[in-house]
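Biologist: I have not seen this structure before. Could you walk me through it, please?

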Amino acid sequence: MGDNAMRSEQEVNRAIEKYSDTIKRLCMIHLKNYADTEDIFQTVFLKYTLSAISFENSEHEKAWFIRVTINACRDLLKSFFRSRVTSLDEVMEQPAEIPPDYRDVLEAVLSLPQKYRDVIYLHYYEDYTAPQIGRILGKNVNTIYTLINRSKQMLREKLGGDGFEG
Amino acid sequence: MKDKLREAFDQVRADEEMKNRTMVLLSQKTKGYTRWRAQNYRWLVPAMLCMLFLFAGGKWLYFTPMLEISIDINPSIELGVNRFDRIISVKGYNRDGEKLSDSLNVKYMNYTEAVNEVLQNETIVALLGEDEIMTIGVIGTGEAKSMTVLSNIESCTAGEKNAYCYYANAQETEAAHEMGLSCGKYRAFTELRALDPNVTAEEIRNMTMREIRNRIDELSGEGGNGTDAADSSADEENTCRENPGRKNAQDGHHGKRHKHRHSG
């Protein structure tokens with residue numbers, strides 16, 4: 001890998017604009033505080049800058065960002081000094097800006113065990129299918145189906161009816 | 001449910017400030033997108049530290065003496081032996097000893113080879129030919145290894161009628177080294193001082209073992225022949241048994257030593 005493997009500033013800035021929101025959401029469902037989110041941003045985009053990988057299309061690129069972000073979050077969580085408590089207030093810099101309805105939904109997602117949170121986000125927000133999620137997370141497709149169904153039940157229990165029946 | 005989740009997640013957005021900070025930081029880290037290899041050498045730091053520790057640890061393991069071999073005729077020398085049975089230091093304790101240690105090339109040799117080398121040294125051969133007494137002491141802290149070394153050295157000296165081997169505890173050598181004497185000389189010195197309180201370490205340092213032995217024999221009123229000298233040497237060794245637990249092992253060696261003596 002030579003010096004020309006490094007991506008240009010324009011390319012990196014375009015990626016920052018394009019994927020920051022996705023990374024931020026992934027950080028929210030994994031991390032405990034805002035400072036860690038910033039760490040992950042730097043780690044992921046630095047990796048992108050220095051990476052020689054060429055993407056087949058934008059879907060491929062997006063999946064790469066999701067996988068690298070999730071791995072970076074897991075690495076950070078493995079770190080010895082991290083606490084194990086998550087609340088929206090700690091994760092978001094300005095949680096007050098989020099309307100109460102949405103806050104409740106996000107809090108409900110964060111209250112689920114970690115293995116469900118990725119699946120919920122990738123399935124409900126990013127519209128990935130179970131086989132795609134399986135590839136991104138490196139898990140068996142059947143496991144993903146189980147996680148999707150189970151998380152649906154748990155969210156329903158937490159949030160009640162109110163449009164959560166679907 | 002899907003819509004509600006989607007809308008909720010839509011509320012979460014990366015703020016411009018964080019994006020900008022990331023852009024600035026990336027630019028700094030890559031030195032304006034020109035140099036990125038510098039940070040790849042970071043792994044070198046722990047690697048170098050590991051190497052340093054390994055090196056220091058290895059050096060410590062190799063260069064810590066486990067026991068010493070004290071050889072006295074008139075030249076008094078001490079050989080430091082490490083845990084791998086190699087000689088790591090050669091020190092002369094008097095003028096002749098220094099001369100001898102300079103002429104010896106035994107560093108990093110196995111101790112049995114080193115003792116053989118000393119025994120074959122011209123000066124030593126000449127001295128032993130003049131009926132001088134040679135003592136070879138193994139100075140350790142009482143562990144089994146010292147006994148193994150002692151028995152190996154005894155087999156090296158089996159052909160020399162005037163060579164005597166003994167074991168001494170390391171504590172004893174501390175007192176010896178404080179006086180600038182080798183262990184063998186120190187033991188002879190303490191024995192002679194018991195009979196003649198006026199004797200000094202200075203005097204002893206450059207006397208031959210035979211001369212010291214003869215002085216002891218004179219003062220204790222015994223005859224000066226070789227057998228008596230050897231017998232009192234055995235008595236002297238009894239006084240050096242500081243560790244009663246080692247008595248049996250040392251008795252075994254005594255038996256062997258007597259055998260050498262009779263064969264002479």
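Modeller: Let us begin with one pair: B:Arg21 and A:Glu38 form a salt bridge, with 2.4 Å between the closest N and O atoms. A salt bridge here is a side-chain nitrogen of Lys or Arg within 4 Å of a carboxyl oxygen of Asp or Glu. This is a predicted model, in which local features need pLDDT of at least 70 and side-chain atom pairs count only at pLDDT 80 or more, while totals for chains, interfaces and linings use all residues. Residues are numbered from 1 along each chain as its sequence is written, chains are lettered from A and ligands numbered from 1 in the order in which they are written, and side-chain values use heavy atoms, with hydrogens and water left out.

Biologist: How many salt bridges are there between chain B and chain A?

Modeller: Seven salt bridges are counted between chain B and chain A. Over all chains, the structure holds 20.

Biologist: And how many residue pairs are in polar contact between the two?

Modeller: There are 10 such residue pairs between chain B and chain A, both residues being at pLDDT 80 or more. A polar contact is a pair of N or O atoms within 3.5 Å; within protein, one must be able to donate a hydrogen and the other to accept it, and residues adjacent in sequence count only if both atoms are side-chain atoms.

Biologist: Which helix gives the most to the side of chain B that touches chain A?

Modeller: On that side, H1 and helix H2 (16-29) of chain B each supply at least two residues. H2(B) gives the most, with nine residues. Helices (H or I, at least four residues) and strands (E, at least two) are DSSP runs, numbered from the N terminus.

Biologist: What area is buried between the chains?

Modeller: About 3800 Å² is buried between chain B and chain A, and carbon and sulfur atoms give 66% of that. Buried area is the accessible area (1.4 Å probe) that two parts lose on being put together, summed over both. The contact, meaning heavy atoms within 4.5 Å, takes 46 residues from chain A and 30 residues from chain B.

Biologist: What does B:Lys19 pair with?

Modeller: The side chain of B:Lys19 meets that of A:Glu17 in a salt bridge, at 3.3 Å from N to O. B:Lys19 lies in helix H2 of chain B and A:Glu17 in helix H1 of chain A, so this pair joins two chains. B:Lys19 counts as buried, at 5% relative accessibility, whereas A:Glu17 is partly exposed at 42%. Buried means under 20% relative accessible area, exposed over 50%, and partly exposed in between (1.4 Å probe, protein chains only).

Biologist: What about A:Lys24?

Modeller: A:Lys24 forms a salt bridge with B:Asp15, the closest N and O atoms being 3.9 Å apart. That pair also crosses between chains, from helix H1 of chain A to the loop between H1 and H2 of chain B. A:Lys24 is buried at 4% relative accessibility, and B:Asp15 is buried at 18%.

Biologist: Turning to chain A, which residue does A:Glu61 bridge to?

Modeller: A:Glu61 forms a salt bridge with A:Arg14, with the closest N and O atoms 3.1 Å apart. A:Glu61 lies in helix H3 of chain A and A:Arg14 in helix H1 of chain A, so the pair ties together parts 47 residues apart in sequence.

Biologist: New topic: which residues touch the most other members of the largest nonpolar core?

Modeller: In this core of 36 residues, they are A:Ile29, A:Ile120, A:Leu122, A:Leu137, A:Leu155, B:Leu5 and B:Phe9. The largest share, seven residues, comes from H6(A). A nonpolar core is a set of buried Ala, Val, Leu, Ile, Met, Phe, Trp, Tyr and Cys residues joined through side-chain atoms within 4.5 Å.

Biologist: Is B:Thr30 buried or exposed?

Modeller: B:Thr30 counts as buried, at 0% relative accessibility. Its place is in the loop between H2 and helix H3 (44-63) of chain B. The side chain of B:Thr30 reaches the backbone oxygen of B:Leu26 at 2.7 Å and that of B:Ser27 at 3.4 Å.

Biologist: Finally, how many helices and strands are in chain B?

Modeller: Chain B has 13 helices and five strands. Of its 264 residues, 45% are buried.
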